[in-house]
Amino acid sequence: MFIKVENLYYTYSPNTPFEKKALKDISFEIDRGEFVALIGHTGSGKSTLIQHLNALVKPTKGKIYIDGEDISKENIKLSLIRKKIGLVFQYPEHQLFEETVYEDIAFGPKNLGMKAEEIKIAVKDAMKNTGLDYEKLKDRSPFDLSGGQKRRVALAGVLAMDPQMLVLDEPTAGLDPAGRKEVLGEIMHIFHSQKLAILYATHSMEDVAEIATRILVMDHGRLIMDDAPKEIFKRREELESVGLGVPEVMQAMQRLKQLGLDVDENAITIEEAYNSLINLEVAKC
């Protein structure tokens, strides 16, 4: 396993009037080649958990292993961990600060001590893998780009450090439909071409249905579900009880089922719903 989390607890401001238990006995594993979605309502502990995965915060109790190494040890070299785990925060365009796209993407590799020619290759590869035209964009200010392009520049800056896993916190938040589709498409391209592990925190059940191979569901600091998307979404009442839901496609198909149509009420993607409806029409013929 690439990531192994064992009995993780985290408490903010312990032994003070502001003490808050944010994570409670969290355990899970993620291997290379998995695309895992992390869902939960606001305050469920998603962001706190994410921050643990590249040692931005240390556990109050429990262990986290990255590629077999316990990152909660006192003498751990954090730069090596943060090279392996590429963390992209929500609204990553707010982290852009260099004058050109090239310099922004090159910032991480420079800090890793890479040589100039190595940095150039890393920047070119990262831009290619995020659908950014190197020659057209390398000398432009990142602040002149569209919202989707800014997100992809931020993502390229993480990829340029050659991580083995991407942790993405609401990467499509605030984007218009075109920008959302753009960014999701590049994330999927990276997943299939680079064979990385990906942990994708989101509120969008539609995103989860389309892209995840597995879902972790959090509520009040606890991990309450861990299963394949279809199995998770069959538990609609449980999801709704913790402030979540199922994809709109599934809601529509369940309504058609209630109306007496012989459709797949567990369809969670547009493609699955389309195929079910086509099969219904064929059966009528």
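K63 is partly exposed, with a relative accessible area of 36%. This is a predicted model. K63 pairs with D70 in a salt bridge. D70 is buried, because its relative accessible area is 10%, under the 20% cut-off.

The structure contains 17 salt bridges. Among them are the following pairs.

| Salt bridge | Closest N and O atoms |
|---|---|
| K63 with D70 | 3.3 Å |
| D139 with K138 | 2.9 Å |
| D207 with R180 | 2.2 Å |

D139 is exposed, at 57% relative accessibility. K138 is buried, at 18%.

D207 forms its salt bridge with R180. This pair links distant parts of the chain, 27 residues apart. D207 lies in helix α8 (residues 205-211), and R180 in helix α7 (residues 177-194). D207 is buried, at 0% relative accessibility. R180 is partly exposed, at 28%.

Some charged residues join in a network. R32, D67 and K84 are linked this way by salt bridges.

Now to helix α3, residues 101-111. Which of its residues are buried? They are V101, Y102, D104, I105, A106, G108 and P109. In an α-helix, residues three or four places apart point the same way, because there are 3.6 residues a turn. The cover over the buried residues of α3 includes α4 (116-129), α5 (134-137) and α6 (147-159). Just after α3 comes G113, with a positive phi of about 85°.

Key. Residues numbered from 1 in each chain as written. Predicted model: local features only at pLDDT ≥ 70, side-chain atom pairs only at ≥ 80, totals over all residues. Heavy atoms only, no water. Buried < 20%, exposed > 50% of the residue type's maximum accessible area, 1.4 Å probe, protein only. Helix = DSSP H or I, 4+ residues; strand = E, 2+ residues; numbered from the N terminus. Contact = heavy atoms within 4.5 Å. Salt bridge = Lys/Arg side-chain N within 4 Å of Asp/Glu carboxyl O.
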